[in-house]
Amino acid sequence: PSPEFALCLVLHRLSAAGFRFKDEIKIFAYSRSYLSLVFNDTLLYLGQRFKKLLYWDEGRLTAVKIQEYVQAVEAVAGTHGVWGFIDGTMRPFCRPGDNQQDYYSGHKKHHGFQFQCIMTPDGLMSSLHGPYMGPTGDWVMWNDSDLESKLRELLGDEDGVARYYLYGNLAYWPAFGIMGPYRPQENGMELSRAEQAANVTMSSVHIVVEWGFGLNVNYWGINNYKRGSKIGSSLVALYYIISTLFTNFYTYLHGR
């Protein structure tokens, strides 16, 4: 098929939740088996082509760019040193026939895959890492992603070098390149008013990463169509990876 045909098919399938291939025969005038083959092959190609860039785009995420992000966050939140916001998200799918416990999250009450995402002030999901099994926690994904090594290499870890951080929720502990809200001390001391105010301020801007997850689901209905997402017969993880790519394209072209 032509690249235009393959792309149109992928865009339609990702955005039109609940459509079956037999429904799309009327639109694309090809057999169900052919449409399925083109759709899956195109997803696999796009995944191989762009997954590395979605994980970390070295041409864009430079030290200079991160400093620009720091300035943008400071202009809104008044907090210096934060360049992006990190969180995990779960994409549910139908209960699998085998190894159900490997995919089930007791916290989310669903079977699914987990992804780690970094949202930057320009509205882009600047890093996507995964998939992980449903029970995987945010801190485990962070440690496994090896983004700390990326940040050490990019920003340096020598004494006297300015520190820039990703900001997460309470699942993230203070470490190189990442921080979370202030926590009550182990001796029982409560947070000071300044610390409480800082938590409230940062929570109000950290919500942007949730907005990114919401846009991904709203634009690409297949991510919200649990009944049609069957592991083993569908490329469930690639649905979310490629829809993240297309959401970034849309944001870049139209802004947010």
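At 15% relative accessibility, asparagine 199 counts as buried, since the cut-off for that class is under 20% relative accessible area. This value, like the others below, comes from a predicted model. Asparagine 199 sits in helix α8, which spans residues 193-206. A polar atom of the asparagine 199 side chain lies 2.8 Å from the backbone nitrogen of tyrosine 182. Leaving aside residues up to four places away in sequence, asparagine 199 touches Tyr167, Pro181, Tyr182 and Leu191.

The chain has 10 helices and 6 strands. Its radius of gyration is 20 Å, close to the 18 Å that the globule rule gives for 256 residues, so the chain is as compact as a globular protein of that length. Taken along the principal axes, the C-alpha atoms fill a box of roughly 65 × 40 × 30 Å. Of the 256 residues, 45% are buried. Among contacts in the chain with a separation of 6 or more, 62% are between residues 24 or more positions apart.

Helix α1 (residues 3-15) packs with helix α3 (residues 32-55) at an angle of about 90 degrees, and their axes are 9 Å apart. The two helices are therefore roughly perpendicular to each other, because angles of 65 to 115 degrees fall in that class. On the α1 side the contact is made by Phe5, Ala6, Leu9, Val10, Arg13 and Leu14, and on the α3 side by Tyr34, Leu35, Val38, Phe39, Thr42 and Leu43. Sorted by class, this contact of α1 with α3 has 10 nonpolar, 1 polar and 1 charged residues.

Helix α1 also packs with α10, at an angle of about 105 degrees and with the axes 11 Å apart. This pair is therefore roughly perpendicular as well. Here Leu7, Val10, Leu11 and Leu14 in α1 meet Tyr239, Ile242, Ser243 and Phe246 in α10. The contact of α1 with α10 has 7 nonpolar, 1 polar and no charged residues. Val10 and Leu14 of α1 take part in this contact and also in the contact with α3.

Helix α10 has a further partner in α9. The axes of helix α9 (residues 208-219) and α10 come within 9 Å and cross at roughly 100 degrees. Phe213, Leu215, Asn216 and Tyr219 of α9 form the contact with Tyr240, Ser243, Thr244, Thr247 and Tyr250 of α10. The residues of this contact divide into 5 nonpolar, 4 polar and no charged. Ser243 of α10 belongs to the contact with α9 and to the contact with α1.

Threonine 247 is placed in helix α10, which covers residues 236-254. With a relative accessibility of 0%, threonine 247 counts as buried. Its side chain reaches the backbone oxygen of serine 243 at 2.7 Å. Both Ser243 and Thr247 are among the α10 residues in contact with α9.

What remains are some details of backbone geometry. The peptide bond from glycine 130 to proline 131 is cis, with omega near 10 degrees. Proline 131 is found in strand β4, residues 125-133. Alanine 29 has a positive phi of about 60 degrees although it is not a glycine. Alanine 29 lies in the loop between α2 (21-28) and α3, and is exposed, with a relative accessible area of 62%.

Aspartate 146, also not a glycine, has a positive phi of about 65 degrees. The loop that holds aspartate 146 runs between α6 and α7 (147-155). At 41% relative accessibility, aspartate 146 counts as partly exposed. Asparagine 143 lies in helix α6, residues 138-145. Asparagine 143 is likewise partly exposed, at 48% relative accessibility. From C-alpha to C-alpha, asparagine 143 and glutamate 4 are 39 Å apart in space, and they are 139 residues apart in sequence.

Methods:
Residues are numbered from 1 along each chain as its sequence is written. This is a predicted model: local features need pLDDT of at least 70, side-chain atom pairs count only at pLDDT 80 or more; totals for chains, interfaces and linings use all residues. Side-chain values use heavy atoms; hydrogens and water are left out. Axes are lines fitted to C-alpha atoms, for helices over the stretch in contact, and angles run from 0 to 180 degrees between N-to-C directions. Helices (H or I, at least four residues) and strands (E, at least two) are DSSP runs, numbered from the N terminus. Angles under 35 degrees count as roughly parallel, over 145 as roughly antiparallel, 65 to 115 as roughly perpendicular and the rest as oblique. Contact means heavy atoms within 4.5 Å. Ala, Val, Leu, Ile, Met, Phe, Trp, Tyr, Cys and Pro count as nonpolar, Asp, Glu, Lys and Arg as charged, and the others, Gly among them, as polar. Buried means under 20% relative accessible area, exposed over 50%, partly exposed in between (1.4 Å probe, protein chains only). A polar contact is a pair of N or O atoms within 3.5 Å; within protein, one must be able to donate a hydrogen and the other to accept it, and residues adjacent in sequence count only if both atoms are side-chain atoms. The radius of gyration is taken over C-alpha atoms; the globule rule is 2.2 Å times the number of residues to the power 0.38.
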